Amino acid sequence: MTSERVFTSSTITNQQQQELLQCTTCGESDAVPFLVAPDRFHSRKTLYQLLRCQACSMVWLSSAPRPQEMVEHYGPDYDKKIAAAGETSPDRWRDRTGVLTQYKQEGTLLDLGCSSGSFLSTLKGNAWDLYGIEMSTESASRAQERCGAKVFVGDILDAPFEPGSFDAITCFHVFEHLYHPREVLQKVARWLKPGGIFYVLVPNIDSAGERVFQSYWYALELPRHLSHFSPKSLSAVAASVGLEKLSLTTHREVFIEYSTHYILDDILAKLGIARTSLAASGPASLGRKVIRKVYRLTVQPLLTGLISLAGDGESIHAIFRKPVEGTQAGSHASSARVSQSGVVHL
Ligand SMILES: [Zn+2]
């Protein structure tokens, strides 16, 4: 299969190639092809090319669709699935609140890509003054209703916050969707008060899951995920804007179930059997629910155990801090840790 989004040296000029190969975060121009894959979530055929920076290990989508084209790659099925996952996973949000409060217990907090406010709602009360940034007007209104958060509707880079406004900024599985992650991180560093923390979750491109499933890895999410971080590249880009790393851990996710679904889709398609895409699949029937339960209790733990032998977990959870005046960024590097820490359920 071929696609206009997969470039070859014969189809572009030298200057264009130079620009394409320039790392979006460290600026080096030594990127190499990493992987080619379609949008498996929507069962579409167009192929996308990922490139990897050899200097900092950052991976990004080459020739990403323009912002005005993105609406066709998200769509109502995607929005519905994200909103449903957010509003039916209270444990996940409580876990994140638990991590946050190890570092900050009160103050002003901004959630980037706050969706309908599921995380912000867990902080409702007197301790926090809540803010959010969200692209969808509908989701922003729901967030405001649920917890009284003040939500800016629009692009993160257009938000009008003053420097030194926040004690904490959070960003859960949003950073990988951004066109300019480094510029956003510069904003984050500016908006934080000295000593303020940035708590971020992204998929881990340097994980065992990616290594095993490759183009079938669920978290590739092409072409919606534009940037793919590793512990190394995330640490490097944060350090480049002056944020110091307090903690970085990798975690297991349920990406395995969806990745396996994609492999089955492909095998069945080769046999001439078309299945409903993950995007269009509705609520599961009782029979499917039973099969899924059995899978989760038997095959999935076995696969998870086997895959864990191949390396780190599928998501990165990191806490960075804006140094207080007079201290050097990176002076706490010795306390940073990179490790696996068990299973995180979505
Ligand atoms: Zn780089």
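1. Leu-35 has Leu-50 as its bridge partner in β2. This pair belongs to a predicted model, in which β1 and strand β2 (residues 47–52) are antiparallel and are joined over 6 bridges. The two strands form part of an open sheet of 4 strands, ordered β1-β2-β3-β9, with antiparallel pairing. At its edges stand β1 (32–38) and β9 (227–228), each of which pairs on one side only.

2. Parallel pairing is found around strand β4 (residues 107–112). This strand is joined by 6 bridges to strand β5 (residues 128–134), and the two run parallel; Asp-111 stands opposite Gly-132 in β5. β4 also runs parallel to strand β7 (residues 166–172), here with 3 bridges, and Leu-109 stands opposite Ala-168 in β7.

3. The largest nonpolar core comprises 72 residues, and those with the most contacts inside it are Ile-169 and Phe-198. Strand β8 (residues 192–203) makes the greatest contribution to this core, with 7 residues. The core lies between domain 1 (14–65) and domain 2 (74–255 + 306–343), because both domains give residues to it. Once neighbours within four places in sequence are set aside, the contacts of Ile-169 are Leu-110, Leu-112, Val-188, Trp-191, Leu-192 and Phe-198.

4. Which residues of α6 are buried? They are Pro-181, Val-184, Leu-185, Val-188, Ala-189 and Trp-191. Viewed down the axis of α6, these buried residues fall within an arc of 165°, and therefore line one face of the helix. In an α-helix there are 3.6 residues a turn, so residues three or four places apart point the same way. The elements covering the buried residues of α6 include β4, β7, β8, β9 and α8 (231–240).

5. Pro-181 deserves a separate remark. This residue is found in helix α6 (residues 181–191). Pro-181 counts as buried because 23 C-beta neighbours lie inside 10 Å, the cut-off for burial being 20 or more. Leaving aside neighbours within four places in sequence, Pro-181 is in contact with Thr-25, Phe-175, Ser-227 and Val-237.

6. Is Phe-161 buried, exposed or partly exposed? Phe-161 is partly exposed, because 16 other C-beta atoms lie within 10 Å. The residue lies in the loop between β6 (150–153) and β7.

7. The protein has a mean pLDDT of 82, and 77% of its residues reach 70 or more. Confidence is highest in β4, at 98, and lowest in strand β12 (residues 338–343), at a mean of 32. Over residues 1–10 the pLDDT is below 50, and this stretch has 18 contacts in the model beyond near neighbours in sequence. Residues 329–346 also have pLDDT below 50, and that stretch has 41 such contacts in the model. Where pLDDT is low, the predicted coordinates should not be read in detail.

Technical notes. Residues numbered from 1 in each chain as written. Predicted model: local features only at pLDDT ≥ 70, side-chain atom pairs only at ≥ 80, totals over all residues. Pairing = 2+ DSSP bridges. Buried ≥ 20, exposed ≤ 12 C-beta atoms within 10 Å, placed from the backbone. Contact = placed C-beta atoms within 7 Å. Core = buried A, V, L, I, M, F, W, Y, C linked by C-beta atoms within 7 Å. Domains from an automatic or database assignment. pLDDT = per-residue confidence, 0-100. Arc of directions from axis to C-beta.
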